[in-house]
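Biologist: I would like to know how the labels used for a structure follow from its values. Please take me through some of them.

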Amino acid sequence: MSEKTYSKKSGILARLFEGLLVDTFHLINRYIEWHRLPKWLGVANLAAFRVELRKYNLHDTDGNLTQPKTDCPFHSMPAALKMRTASGTQNDLQYPVMGCRGSRLGRNVPRGITAPDLSKLMTPDPLLISQRLMAREKFIPATSLNLLAAAWIQFQVHDWFAHENEDMDAGKDFHLPKAGDWKASEMVIPKTKPDPEVLTPLDGQYPAYRNKNPQWWDSSQVYGETEEETLSLRTDPATRQVCPSGHLYLTDGGFLPVDPVGGGAVSGFTSNWWLGLEILHTLFAKEHNAICDHLKASELLLTDDEIFEKARLVNCAIMAKIHTVEWTPGILGHPAMKPGMDANWMGLLGHWFGEGLARKIAGFLPNSFAKEVLTGAPLSETDHHGAPYCLTEEFNTVYRLHPLMPDRVEIRKHETNGEINSYELIDIAFEKARAPFVDGADMDDAIYSFGIANPGAITIKNYPGFLRELKLPADSKTGKVQILDLAAVDILRDRERGVPRYNEFRRQLRKKPVTSWQELAGVRPELAAELEMLYNGDLEAVDTLVGMFCEPLPVGFGFSDTAFRIFILMASRRLKSDRFFTSDYTQDVYTKAGLEWIRATGMKEVILRHHPSLEPAFKDVTNPFAPWRKATG
């Protein structure tokens with residue numbers, strides 16, 4: 001049988017199997033929810049959800065994906081075949097603009113229901129919602145996680161999306177007058193800037209928004225988003241010489257360089273900087289340099305520029321692997337999650353027998369649905385599942401996880417657990433992120449302190465106070481200083497960008513809408529009464545973020561099952577659409593040494609490679625994002 005004939009028959013069989021899978025679990029879920037099923041039935045149920053979500057919840061907003069965008073040029077060939085371009089072009093060689101910097105965010109709901117309802121944009125008042133439903137009354141910890149988990153998701157989100165906003169002096173602003181406990185007279189935030197180009201007939205009524213970041217999982221937060229930016233991060237600022245061996249520039253003390261103008265660290269993306277980002281950006285810059293040294297010793301024919309590009313590929317894959325098989329099962333501690341997420345990266349064979357065996361077997365299997373399930377995305381066929389690859393507005397919404405941030409961070413000695421100092425979050429943010437190092441801590445102490453501390457639980461009335469009155473650094477263009485209530489901003493942005501409110505959001509994901517305030521509030525009658533009063537008795541008006549924070553959680557879950565439905569779809573999509581995680585996950589592209597490095601590396605290995613004195617903290621720790629062992633002196 002020819003490969004072409006086999007692929008056709010395999011595709012028909014896959015579709016029949018997928019249809020049967022979906023129909024079976026439609027029937028089962030009438031009587032029992034997926035998270036109440038036995039472990040392996042739960043895994044199969046998640047696979048059924050993903051099939052259905054891929055069919056109904058991928059909606060394109062963009063137009064031509066073949067012509068270069070302004071300030072986002074194509075890289076020269078054939079080099080682009082084996083490297084991630086800085087701006088994200090040419091990942092898909094047939095549609096080289098797909099997912100690049102400046103391309104549009106897509107949708108997980110039909111575009112026809114995404115027109116912002118301007119008449120209800122301020123109803124209920126976002127500042128009042130922030131005070132009454134979001135504000136942290138008492139810190140509620142997420143006891144199954146450590147603070148690195150909170151820093152990690154911000155580190156990743158900065159790689160994925162950043163909307164374009166109108167200029168602060170353009171007069172296109174939202175003015176929120178004083179409400180609730182807001183102390184200032186008003187809050188002014190720029191409107192999100194719609195893509196001014198008319199690319200589709202729907203653009204007038206249903207705005208689409210450009211992503212300032214490349215949308216691939218390409219670690220642009222570490223490497224920058226233009227070739228000039230990337231080169232600058234490889235350059236010694238004192239000598240103006242590009243670092244040898246493909247290295248990123250770090251100071252002699254092992255820190256990122258400091259911006260002489262703003263005083264903050266220099267990396268690929270440094271907005272909303274704090275100590276947690278300082279730790280992770282520095283750690284993965286060190287990891288990049290270690291990979292470079294390994295490649296230089298193992299792959300003798302590579303130039304310094306080639307070493308840099310291969311090391312970037314390897315570092316990106318390590319981050320994707322960590323997020324998939326460690327961070328996600330850490331924050332979603334249901335029994336079905338570990339095998340389910342392992343299946344994304346290394347298949348069920350990898351879950352049972354290890355990633356190395358999964359990769360060997362993948363090389364002999366023909367591309368099919370079974371291959372993806374058995375050996376994971378790497379070495380499977382790239383697949384966009386019917387819509388051009390992009391991240392989405394709804395994906396942005398479900399990753400609004402600010403309650404993870406604590407109010408204070410204690411920095412302790414990693415050898416003795418003795419306290420060095422305790423900091424309000426605002427005192428280790430922006431240009432003050434390195435304050436603990438001035439006060440006598442070292443990076444080992446900082447990482448250890450994050451490893452033993454808990455983040456906040458992602459729930460209602462647990463939004464940190466400092467983010468509800470956040471003073472941002474002065475705008476570089478206008479000199480204006482913004483003070484923001486980020487909880488109110490989160491609510492307003494979703495309304496402005498046409499994200500459906502909570503019940504409609506659930507319907508679009510084929511979840512039943514809530515039918516009472518008591519159902520939404522769970523075992524909290526006082527919360528039910530407060531929700532009903534604030535939303536004037538209209539369940540359909542409840543904001544998606546509020547609903548997700550109120551929603552009773554499946555056992556082990558750190559965020560809502562509604563948010564998780566978007567995650568089921570988009571987590572595998574970021575792997576399956578990316579040729580560097582699928583068809584080009586090969587020795588020819590990564591090198592043999594690079595692939596071996598990825599297989600041998602997780603978060604623990606990254607940390608201990610650069611901070612070996614922290615090894616005692618990992619004793620009896622099964623997930624590096626779970627609380628670590630405290631030193632006893």
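**Helices, rings and charges**

Modeller: In this predicted model, the axes of helix α9 (residues 337–353) and helix α20 (residues 561–576) come within 9 Å and cross at roughly 25°.

Biologist: Why are α9 and α20 called roughly parallel to each other?

Modeller: Angles under 35 degrees count as roughly parallel. The crossing is at roughly 25°, so α9 and α20 get that label. Met337, Met341, Asn344 and Trp345 of α9 meet Phe564, Phe567, Ala571, Ser572 and Leu575 of α20. This contact has seven nonpolar residues, two polar and no charged.

Biologist: What makes α7 and α23 roughly perpendicular?

Modeller: The label covers 65 to 115 degrees. The axes of α7 (residues 275–298) and α23 (residues 603–610) cross at roughly 80° and come within 10 Å, and therefore α7 and α23 are roughly perpendicular. Their contact has seven nonpolar, one polar and three charged residues.

Biologist: Why is the aromatic pair of tyrosine 399 and phenylalanine 567 called edge-to-face?

Modeller: Ring centres must lie within 6.5 Å to pair, and planes over 60 degrees apart count as edge-to-face. Here the centres are 6.4 Å apart with 65° between the planes, so both conditions hold. Tyrosine 399 lies in the loop between α12 and β3 and phenylalanine 567 in helix α20, so the pair ties together parts 168 residues apart in sequence. Both tyrosine 399 and phenylalanine 567 are buried.

Biologist: Where does the charged end of arginine 84 sit?

Modeller: The charged end sits over the ring of phenylalanine 581, 4.9 Å from the ring centre. Arginine 234 lies over the face of phenylalanine 308, at 4.4 Å from that ring's centre.

Key. Residues are numbered from 1 along each chain as its sequence is written. This is a predicted model: local features need pLDDT of at least 70, side-chain atom pairs count only at pLDDT 80 or more; totals for chains, interfaces and linings use all residues. Side-chain values use heavy atoms; hydrogens and water are left out. Axes are lines fitted to C-alpha atoms, for helices over the stretch in contact, and angles run from 0 to 180 degrees between N-to-C directions. Helices (H or I, at least four residues) and strands (E, at least two) are DSSP runs, numbered from the N terminus. Angles under 35 degrees count as roughly parallel, over 145 as roughly antiparallel, 65 to 115 as roughly perpendicular and the rest as oblique. Ala, Val, Leu, Ile, Met, Phe, Trp, Tyr, Cys and Pro count as nonpolar, Asp, Glu, Lys and Arg as charged, and the others, Gly among them, as polar. Contact means heavy atoms within 4.5 Å. Rings of Phe, Tyr and Trp (its six-membered ring) pair if their centres lie within 6.5 Å; planes under 30 degrees apart count as stacked, over 60 as edge-to-face and the rest as tilted. Buried means under 20% relative accessible area, exposed over 50%, partly exposed in between (1.4 Å probe, protein chains only). A charge sits over a ring if NZ of Lys or CZ of Arg is within 6 Å of the ring centre and within 35 degrees of the ring normal.
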